[in-house]
Amino acid sequence: MNGGGASLSVPVLTALVAGAVIAGIPLLLAALGEMVSERAGVLNIGLEGMMLTGAFTGFAATLHWGSPWAGFAAAAAAGLAFGAVMALLCVGLNLDQVVVGIALLVLAQGATSVLHRAEYGASYPRLDAVPGLEIPLIAKVPVIGAALFSQPLVVYLAIALAAAVGWLLRATSLGLELKAAGEEPEALDAAGVSVVATRVFGVLVAGTCAGLGGGFLSIVAAGVFVPFMTNGTGFIAIVIAMLSRGRPLWVVILALGFGIALSLATALQLVGVSVPIDLLNALPFVAVLVALFLFGRGKALPGALGRPFVRGART
Amino acid sequence: MATTRDPLLSRGSGTAGARAGAAAGYPGGAQAGAQTGDPSAALEFCRVGKVFPGVAAVDDVSLGLRYGEIHCLLGENGAGKTSLLNIAAGIYRPDAGRVMVDGRDVAILSPRRARDLGVATVRQHPALVRSLTVVENMMLGQRRGVRSERRRAAAALRAAAARLGVELDPGARVESLSIARRQQVEIARALWWDSRIVLLDEPTSSLAPSEAEELGRVLRSLCDEGRAVLFVTHRLEEALDWADRVSVMRRGRLVATVEADDLGRASSDAREAARARLLRAMFGEPRPVTSLPDAATDSGGQAEPSGSADQSGQADPGGSADEPARGAPIAALELRDVWVASGVGETGLHGVSFLVKSGEILGVAGVEGAGQRELAGVIGGQIRPSRGDVRVAGRSVVSEGVSARQVSGVSHLSGDRLGEGIVATLGVAYNLLLKRIGSPPDWRNGFVRRREIERTCAGALGAFDVSLPSPWVAAGTLSGGTIQKLLLARELLGSPRVMVFENPTAGLDHQTALFVRGLIARMAARDGVAAVVISTDLDEVIELGSRVLVLVGGTVAGEVSGGDGAREAVSSMMVGAA
Ligand SMILES: Nc1ncnc2c1ncn2[C@@H]1O[C@H](COP(=O)(O)OP(=O)(O)OP(=O)(O)O)[C@@H](O)[C@H]1O
Ligand SMILES: [Mg+2]
């Protein structure tokens, strides 16, 4: 990395931070949901598929109704429906979570690609940019103001959602029950709480959040839908969920951190640093490995993560 | 008398406030159960059956539990007691028969339903979330915000704990608590739920005598309030002392129910007769004594420590221990000024030193949580002391981990059977050989030899009178006592020279407990094993140990040599400084 020092100007920095936020929000949303689901003991490998579904549905709905809010509602609904399928298979029928997750991922990838081709393959429509919401006064602060405080409203709502999830996990008995369902479902059952209902709730939250994250990707970040556009973000979100272990603040921090890694490619190109593009695209995944190495050690996952619950089974 | 459908009895409302009001509404006292006429039927099993692959766990059992009585359920290991309780708890669905609560035919399809019907179960292995605190466990299933509920739950917990006569820290994480403490939490929770029917599965198996007595009083007060209490135990004395009626199960069937009048409260002769009658019901005709190992009859406490150690022909690993044994016997196990830091809910050890010669049994007594777990862990290798030395046959092993210590001849029977003891999904045979997987004769060139394994398994378990559908059934499906037998058999396979037993007979039925004590005595007397028996069962410690060390708060409060008056000396030491 040489040169560029002089050209790291205010506009570039602003673009970098703003890009990081835009790239980080889908991660943030998906990881929040995954965290709730993992907490309840269900590992959602199909998260990426749910994001893709949300991205496609959100795009189509925005195009149809002309409103991004309709798009977000549709994306959330699609994620919820996908989550319901996963809940039925993994919690209702106790099928293996990893197998179901992979199957659903592949299904979503195929279905969204086929549908996209059938509907928009000829025209390649684009969405209008979602206008930013300038927060008075602080939006004027250089770099930070322009990058952080003139974003679309959904960005702020996503951060608020993180706070809400934090409150849910910490301050409600439902939060305790989610944890119990993931750590020791037998004990939760003995306490008279339905393990199935608790886990289904977790899976549905994950589906909805992932759908929203995908919707953000197509409606706000890209303005288009492209097959396979999630490009691994679902898996990064799983890593974030694992690393943050029930602390939404960490989800926010890590999501924005990975957002930087994702948007660095664009920023560096703007600056004019010549790094092979493939190398830049690999950056987020290198960051995943670094993050796992730095923070992932000694992190115990929920004791019953991935284990189906069968009442009275002694094994 | 039988006002069991009193509207005041809040049906599993689960609120702390309801408790006092409901308690006031209970009828009668303890006599209700003993009275003839219209019994106040609380819980009734009618011809209930439950079959598992290869076993009829519960077979055509009819049993009625009345309000205001303490009912005791006895039976050998694997008799089906836990299965019967699980049916009432909504964990197992019966294959046959009906369950009635308050005279109504109810389908208890889930623990939630059981709780709503007023049936609380304290399980053999406490069902609490270990990573949550005590009070958070109490709050599961309470549909309110945690913040307000936390205070109410903590208050309710303190009140319940006070009634139990125990001290429970609402903020302690369950994983930092001993098994006995966890059981107490579950009982407290049943009180909070105001359950009118309380079922307890072996509640006293891991309690010290004083704690058990306390529990007996608690059960009595529950039943004085008009609640119905059913408890499972392996201690006959508790059955005779506490219960209004005693039922006995054997191989899935209910074989006897003894009324209060026949429990021998009148005279000691009558009591002996009642004992004999219950034993006969539990085990059939008395097992011939010859099937027990020879040392079982002469108590191990009297074994001469020095003389018996240097027998030749024993498969004692490493001859170094034998040689000096001819002169002044070298200590097989020595702890020198061992310190373990105390942590959350842990007492730690504070400068513990002692010697155990080979062939000697050292008993360690103390109330629950006096540092027993730490002591066992330090010897077994799970816990590394912050200071001090652990020596086996004169060699320091303090830096060795668990497996290295096993090679050094140290074996440890953990008190936490399900956690540290077995791999629940693995077959019995593999669990038995867990510590020597891959080694001959059961493995050859990396291949499993099922025949050999079956033979080893049969040999190791034969003495314990374990009947299994097959040696390949998952160990987790076994009954609590059978798992304990399996663990004992496994530790014995390694021909150790230092053994630490944590509550070796907890959860074992009467016969098997006798057998195991005999076995420990024999291993010391004949094979020269140095044994440390850590137990909350005072009688066991005194019977086995030639010396008894009393732990109080992580320090050695004193040492008592066996013989007359030992029991009094030990118990006063335990309580005196506690
Ligand atoms: N979930 C299960 N799956 C398979 N077998 C089971 C299951 N539950 C119980 N059994 C079998 O049923 C029989 C009775 O077991 P149970 O646990 O009721 O005995 P118990 O009387 O409680 O014995 P203990 O005194 O040792 O606790 C045993 O043979 C056990 O292996
Ligand atoms: Mg049992």
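User: A polar contact is a pair of N or O atoms within 3.5 Å; how far does a polar side-chain atom of Lys81(B) lie from an oxygen atom of ligand 1?
Analyst: The distance is 2.8 Å. This is a predicted model, in which local features need pLDDT of at least 70 and side-chain atom pairs 80 or more, while totals use all residues. Side-chain values use heavy atoms without hydrogens or water, residues count from 1 along each chain, and chains are lettered from A and ligands numbered from 1 as written.

User: And what about Thr82(B) and Tyr92(B)?
Analyst: The polar side-chain atom of Thr82(B) is 2.6 Å from a ligand 1 oxygen. For Tyr92(B), a polar side-chain atom lies 2.9 Å from a nitrogen of ligand 1. The protein buries 91% of the 630 Å² that ligand 1 exposes alone (Shrake-Rupley method, 1.4 Å probe).

User: How many residues surround ligand 1?
Analyst: There are 23 (a heavy atom within 4 Å). Among the closest are Gly78(B), Ser83(B) and Ser479(B). The shell holds 6 nonpolar, 13 polar and 4 charged residues.

User: Which chains do they come from?
Analyst: They come from chains A and B, so the site is shared between chains.

User: Where does ligand 1 lie relative to the domains of chain B?
Analyst: Ligand 1 lies between domain 1 (7–118 + 196–283) and domain 4 (416–495), because both give residues to its shell.

Note on methods
Polar contact = N/O pair within 3.5 Å; in protein donor to acceptor, adjacent residues only side chain to side chain. Nonpolar A, V, L, I, M, F, W, Y, C, P; charged D, E, K, R; others polar. Domains from an automatic or database assignment.
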